[in-house]
Amino acid sequence: MDLQTRAKSAGLWSPQLPEQLGGGGFTLTQASALLEAAGYSLLGPLALNCAAPDEGNVNLLEKVASESQRHRYLRPLARGEVRSCFAMTEPAPGVGSDPRGVTTRATRMAGGWLLTGKKHLITGADGAGFGIVMAATGNGPGDAVTMFLLPTANEGWHLGEHYRTLDAVSVGGHCVVTLADAFVPDEDVLGEVGRGFHYAQVRLAPARLTHCMRWLGAAQRSHDVALARATTRNLFGRTLSDHGMAQALIADNEIELAAARALLRQATWDVEHDRDAGVASSRAKVFISEAVGRIVDRSVQLMGGLGTVHAEGPADGAVARTYADVRAFRIYDGASEVHRMSIAKRAARAAQGNESRAAT
Ligand SMILES: Cc1cc2nc3c(=O)[nH]c(=O)nc-3n(C[C@H](O)[C@H](O)[C@H](O)COP(=O)(O)OP(=O)(O)OC[C@H]3O[C@@H](n4cnc5c(N)ncnc54)[C@H](O)[C@@H]3O)c2cc1C
């Protein structure tokens with residue numbers, strides 16, 4: 001809490017949120033440096049109120065919520081008084097990589113909607129004050145999907161199993177949530193009925209880039225910790241960083257950190273200027289999620305046995321922690337294969353002359 005108070009007084013709280021909502025009022029490009037710095041520390045994103053999924057939810061609500069929803073959901077979230085979650089994914093055969101599979105149903109009734117279904121892998125659900133839930137409001141699964149705001153105190157919201165996952169970075173874990181005839185009044189429909197997928201993209205395009213920013217910070221930290229050891233550890237008569245094979249690991253980390261920042265800068269600019277940012281954001285997400293994994297893996301290797309130890313004895317712990325925490329980033333916010341599919345489809349359409357090529 002002390003760190004959060006200090007972030008507020010330094011004007012760094014919720015970097016991207018407008019100042020009238022208590023945020024820093026920074027553009028996405030400006031926030032990029034702050035979010036990367038926040039990611040350098042395991043506690044940084046919480047201290048600056050820019051951790052997932054709240055950060056993505058705040059920005060979505062800021063763009064889409066009605067005045068009453070801003071008052072009841074956005075403002076408490078922006079002040080850090082409650083946490084939230086985003087509930088889309090379902091156990092098979094429900095929605096995952098293929099967005100057409102939403103099986104949670106919202107049935108129309110007087111004054112609102114009745115939600116029934118099962119979600120899983122919902123980050124932060126344990127302890128959240130409310131969830132943003134995707135449910136089908138059309139005739140079949142995945143048909144006319146709509147977003148709903150649902151307080152977790154609703155008697156139809158049931159928190160289920162806490163999955164034991166590779167990562168340990170998320171407050172509130174990754175949980176199963178069952179919706180059993182959860183009544184949502186009309187005033188808690190988020191945006192327009194049937195436009196849930198559109199709003200999901202409004203949320204995801206910047207949210208996957210802010211994930212990239214935080215993970216880049218974590219990768220830089222791992223690289224710095226490994227460099228500190230490689231430049232002081234003496235092996236076979238010379239410093240580890242003077243051995244050619246260690247130099248290759250160090251150099252590849254430097255190259256991929258720089259390449260990741262360049263791709264991120266371009267995608268951030270496109271999102272910020274409302275340019276068609278789909279391909280740029282997919283390219284950045286695929287490359288950075290995979291590059292961060294490689295950078296941290298090389299850092300573990302340079303560290304030797306201590307690279308695998310959590311913060312005990314002489315180990316920094318951040319390298320081992322990040323190695324486990326970052327793996328899932330190649331799956332959430334669109335698996336690498338899904339982004340590659342859309343990049344390739346776009347390139348093929350351009351080659352066939354049906355579409356202009358995305359800016360490079
Ligand atoms: C740590 C973590 C946190 C998460 N948090 C949330 C959350 O807060 N809210 C939420 O709603 N969901 C969340 N998720 C779920 C996440 O969004 C899904 O796991 C993801 O969309 C993939 O869906 P799936 O798990 O059903 O895998 P599937 O859809 O079954 O896909 C399995 C694999 O198939 C491959 N694949 C997919 N499409 C193609 C293709 N076209 N060609 C070739 N291969 C392909 C990919 O490798 C993919 O990983 C989280 C997941 C994790 C791991």
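Tutor: Happy to! Let us start with a term: a cavity is a set of points where a 1.4 Å probe fits but cannot get out, and lining residues have an atom within 4 Å of a point. Keep in mind that this is a predicted model.

Student: What lines the largest cavity?

Tutor: The lining consists of Ser14, Pro15, Gln16, Leu17, Leu35, Asn49, Cys50, Asp54, Glu55, Val58 and Asn59. The space inside has a volume of about 90 Å³. Helix H4, residues 54-64, gives the most to this lining, with four residues. By class, the lining has five nonpolar, four polar and two charged residues.

Student: How many cavities of 30 Å³ or more does the structure hold?

Tutor: Two. The second largest cavity has about 40 Å³ of space, and its lining includes Glu55, Asn59, Arg203 and Thr210. H4 and helix H6 (196-230) each supply at least two residues of that lining.

Student: What makes Leu115 buried?

Tutor: Its relative accessible area is 0%, so Leu115 is buried. Leu115 sits in strand S3, residues 112-123. Setting aside residues up to four places away in sequence, Leu115 touches several others, among them Val133, Phe148, Leu150 and Asp181.

Student: How do you know that Leu115 touches Phe148?

Tutor: Contact means heavy atoms within 4.5 Å, and Phe148 is one of the residues in contact with Leu115.

Student: Why does Ser282 count as buried?

Tutor: Ser282 has 5% relative accessibility, so Ser282 counts as buried. Ser282 lies in helix H8 and touches His339, Ser342 and Ile343, again leaving out residues up to four places away in sequence.

Student: What makes helix H9 largely enclosed by the rest of the structure?

Tutor: Eight of its nine residues are buried, so H9 is largely enclosed by the rest of the structure. The buried ones include Ala318, Arg321, Thr322 and Val326. The buried residues of H9 pack against H6 and H8.

Student: Which elements give two or more residues to the lining of the second largest pocket?

Tutor: Helix H8 (278-303) and helix H9 (318-326). H8 gives the most, with five residues. About 200 Å³ of space lies in this pocket.

Student: Now the rings. Why is the pair of Tyr73 and Phe130 called edge-to-face?

Tutor: First, rings pair if their centres lie within 6.5 Å, and planes over 60 degrees apart count as edge-to-face. For Tyr73 and Phe130 the figures are 4.9 Å centre to centre and 65° between the planes, giving an edge-to-face aromatic pair. Tyr73 is buried, and so is Phe130.

Student: Why does this pair tie together parts that are apart in sequence?

Tutor: Tyr73 lies in helix H5 (residues 67-78) and Phe130 in strand S4 (residues 130-136), so the pair ties together parts that are 57 residues apart in sequence. The structure holds four aromatic pairs, and ring pairs also link Trp215, Phe329 and Tyr332 into a cluster.

Student: How do you know where the charged end of Arg203 sits?

Tutor: For a charge to sit over a ring, CZ of Arg must be within 6 Å of the ring centre and within 35 degrees of the ring normal. The charged end of Arg203 is 4.3 Å from the centre of the Phe86 ring and sits over that ring. Likewise, Lys8 lies over the face of Trp13, at 4.4 Å from the ring centre.

Notes: Residues are numbered from 1 along each chain as its sequence is written. This is a predicted model: local features need pLDDT of at least 70, side-chain atom pairs count only at pLDDT 80 or more; totals for chains, interfaces and linings use all residues. Side-chain values use heavy atoms; hydrogens and water are left out. Buried means under 20% relative accessible area, exposed over 50%, partly exposed in between (1.4 Å probe, protein chains only). On a 1 Å grid over the protein atoms alone, a cavity is a set of points where a 1.4 Å probe fits but cannot get out, and a pocket is an open set with protein on both sides within 12 Å along at least five of seven lines; lining residues have an atom within 4 Å of a point. Grid points are joined across faces, edges and corners, and a volume is the space filled by probe spheres set on the points. Rings of Phe, Tyr and Trp (its six-membered ring) pair if their centres lie within 6.5 Å; planes under 30 degrees apart count as stacked, over 60 as edge-to-face and the rest as tilted. Ala, Val, Leu, Ile, Met, Phe, Trp, Tyr, Cys and Pro count as nonpolar, Asp, Glu, Lys and Arg as charged, and the others, Gly among them, as polar.
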